Amino acid sequence: MTQQGHGAEAPRGRYLALLSLAALGVVYGDIGTSVLYAVRESFHHTHGIHPTRDNVLGVLSLIFWALVLVISIKYAVFVLRADNRGEGGILALTSLVTPVGAMRRSPRWVLIMLGLFGTALLYGDGMITPVISVLSAVEGLEVATPFFEPYVVPITIAILIALFMMQSRGTASVGRIFGPVTLVWFVTIAILGIVNIVRDPTVFAAINPLYGIRFFIHNGWNGFLVLGSVFLVVTGGEALYADMGHFGRRPIRLAWYWVVLPALLLNYFGQGALIIHRPEAIDNPFFRMVPGWALYPVVVIGTMAAVIASQALITGAFSLTMQAVQLGYIPRVQIDHTSARERGQIYIPQVNWLLMLSCIGLTLGFRDSTHVAAAYGVAVTTTMVITTLLLFRVERERWKWPLWASLLFTGFFLAVDLAFWGANIVKIPAGGWFPLVVGAVIFVAMTTWKTGRGLLAARLNAGTMPIELFLADVARNPPHRVPGTAVFMYGNPAGTPPALLHSLKHYKVLHERTVFLSVTTEEVPHVDPAERVAVAELGEGFYRITLAYGFMEDPDVPEALSTVQVPGLDLGPARTSYFLGRETLIPSEEPGMARWRRGLFAIMARNARPATAFFGLPANRVVELGAQIRL
């Protein structure tokens with residue numbers, strides 16, 4: 001995988017083909033396994049829609065136009081253009097259109113809240129997708145023989161546990177087969193579709209949107225509710241955008257238009273042809289398409305495709321968490337790099353185990369993919385609505401569209417998104433509440449952490465001495481200087497680090513070389529290494545250094561400081577000590593945040609990863625100086 005930054009040369013030839021193949025496994029696993037359950041759920045008995053020829057053609061028409069409008073046009077053509085220095089995803093989009101420091105109650109602040117809520121919902125989606133994908137694939141065994149019926153849930157749980165257990169080892173070794181396996185899956189579902197379409201080619205009449213319109217007219221409210229199941233065919237749409245930074249636009253588009261879309265349409269239309277001639281096949285139309293001799297191999301390939309789809313969601317959750325940490329929306333967490341070559345391959349233990357326990361709980365709670373499908377879609381539709389709203393700002397400010405064009409485009413796709421959203425909202429009592437609750441909990445945690453950090457910074461800055469005053473005082477009353485270099489880290493580049501004042505108060509000495517160090521996160525995914533370090537010499541052995549990182553990058557302070565070449569400034573590892581402040585938070589009645597949120601923030605702060613590990617500082621060269629802060 002590669003990072004496609006601003007101005008990067010577009011991939012061509014064999015390299016383009018390899019990137020497109022890799023994108024198949026990472027980007028399209030989720031949407032590719034929707035064929036296992038989407039058509040079946042559209043005719044579920046709760047909808048009251050009978051598998052007549054007209055209804056089948058109506059559902060096929062809705063599926064066709066959902067894939068064309070939502071994925072082929074909205075995401076593949078337009079959303080992929082809204083990159084943040086080559087990166088995609090709703091958090092990258094939020095940081096693109098809204099500055100992190102936007103004022104409360106401003107329109108920008110509303111957009112940030114929408115983006116954060118959409119981000120939080122993706123965690124709920126990440127818990128459901130592995131369950132419905134693997135369950136649906138394993139349920140194919142029931143079609144082969146009823147013998148496997150009691151073992152579907154245990155087999156699913158065993159596969160999920162194995163999947164999460166392997167995360168700490170990284171996916172570099174098995175990742176190479178993701179693309180080829182997914183390609184085999186798409187070829188397989190395309191062939192299955194063609195075999196059944198040959199028996200009734202008239203199903204292609206469903207391309208005419210009139211069949212979809214008639215379906216709504218004839219079935220009324222029940223027809224509208226079917227949209228909640230039809231939406232399952234596009235649930236992997238956000239992955240196109242979220243994974244853009246790994247592959248770039250061209251490979252993702254190429255894989256979609258030339259492989260994924262044709263294979264999906266052929267299979268969906270093949271399932272429709274089968275149902276028209278064998279209405280009883282509606283219990284599991286995908287596996288009913290498969291000849292008896294090929295059933296077990298297809299179950300195996302389908303399970304592998306489902307595991308790959310799940311892996312993509314897990315990797316996406318890791319990446320999303322890293323972005324949120326860097327942008328200051330969640331506390332520092334342990335981030336392990338599982339590959340020495342690919343910086344984007346990371347493992348976050350807390351997120352991994354949380355997802356695993358959630359997936360096992362959902363599997364035991366729902367027990368079959370039909371019940372899981374009832375909980376699926378609410379979070380994804382909400383995220384898609386938020387993406388459309390944020391895209392309006394991109395159209396106006398980045399692409400310089402006229403107002404009428406932005407209103408027309410956003411209005412049309414917002415109407416489509418809201419139709420799907422409305423049809424999915426009715427799923428809330430049947431399980432759709434779960435991703436909303438997960439999203440709400442994570443949203444509260446994210447906003448509490450961001451607000452709390454802002455209050456803490458304000459409290460610290462209120463008592464911070466400007467560097468100029470400190471330097472003037474040192475010049476008037478020079479303390480004793482000791483050999484070596486001291487690096488004092490502080491978030492405010494213009495203020496004197498409190499740790500320095502505490503050190504000087506207690507030890508009455510300063511190092512010969514004293515560095516005021518600030519680490520900032522820019523609203524871009526990556527910072528050019530040539531622009532990472534800014535050094536200012538303040539005189540009398542004092543220096544101000546600012547390190548800038550993107551929200552997709554891991555800060556490594558010693559590595560960055562090793563590039564500093566300033567005469568007289570020795571930052572050698574054996575002669576440099578790092579001084580950090582450690583704040584003990586005391587909840588108070590001061591305005592700014594509710595008391596329960598102050599308590600939540602204090603708990604999150606106590607459990608955050610130590611700054612020493614997060615910034616890559618050598619533990620034996622770090623001194624922490626504590627202070628009590630009333631929050």
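Glu 280 and Arg 278 form a salt bridge, with the closest N and O atoms 3.5 Å apart. Keep in mind that this is a predicted model.

The next pair is Arg 532 with Glu 553, whose closest N and O atoms are 3.2 Å apart. Arg 532 sits in the loop between E4 and E5 and Glu 553 in the loop between E6 and helix H23, so the bridge ties together parts 21 residues apart in sequence. Both Arg 532 and Glu 553 are buried.

Arg 53 also forms a salt bridge, with Asp 200, again with a closest N to O distance of 3.2 Å. This pair links distant parts of the chain, 147 residues apart: Arg 53 is in helix H4, Asp 200 in the loop between H9 and H10. Arg 53 is partly exposed at 36%, while Asp 200 is buried at 7%. The salt bridge count is 12.

Now helix H21. Which of its residues are buried? Ile 467, Phe 470, Leu 471 and Val 474. They lie on the same side of H21, because they cover an arc of only 95° around the axis. On the other side, Glu 468, Leu 469 and Arg 476 are exposed. The cover over the buried residues includes helix H22 and strands E4, E5 and E6.

Last, the surface. Val 77, Leu 254, Tyr 257 and Trp 258 make a nonpolar patch with about 400 Å² of accessible area together. Helix H13 supplies the largest share, 3 residues.

How values were computed: Residues are numbered from 1 along each chain as its sequence is written. This is a predicted model: local features need pLDDT of at least 70, side-chain atom pairs count only at pLDDT 80 or more; totals for chains, interfaces and linings use all residues. Side-chain values use heavy atoms; hydrogens and water are left out. Patches are made of residues with over 30% relative accessible area and no salt bridge: like charges are joined within 9 Å, nonpolar side chains (Val, Leu, Ile, Met, Phe, Trp, Tyr) within 5 Å. Accessible areas come from the Shrake-Rupley method with a 1.4 Å probe; for residues, only the protein chains shown count as cover. A salt bridge is a side-chain nitrogen of Lys or Arg within 4 Å of a carboxyl oxygen of Asp or Glu. Helices (H or I, at least four residues) and strands (E, at least two) are DSSP runs, numbered from the N terminus. Buried means under 20% relative accessible area, exposed over 50%, partly exposed in between (1.4 Å probe, protein chains only). The arc is that of the directions from the helix axis to the C-beta atoms. Contact means heavy atoms within 4.5 Å.
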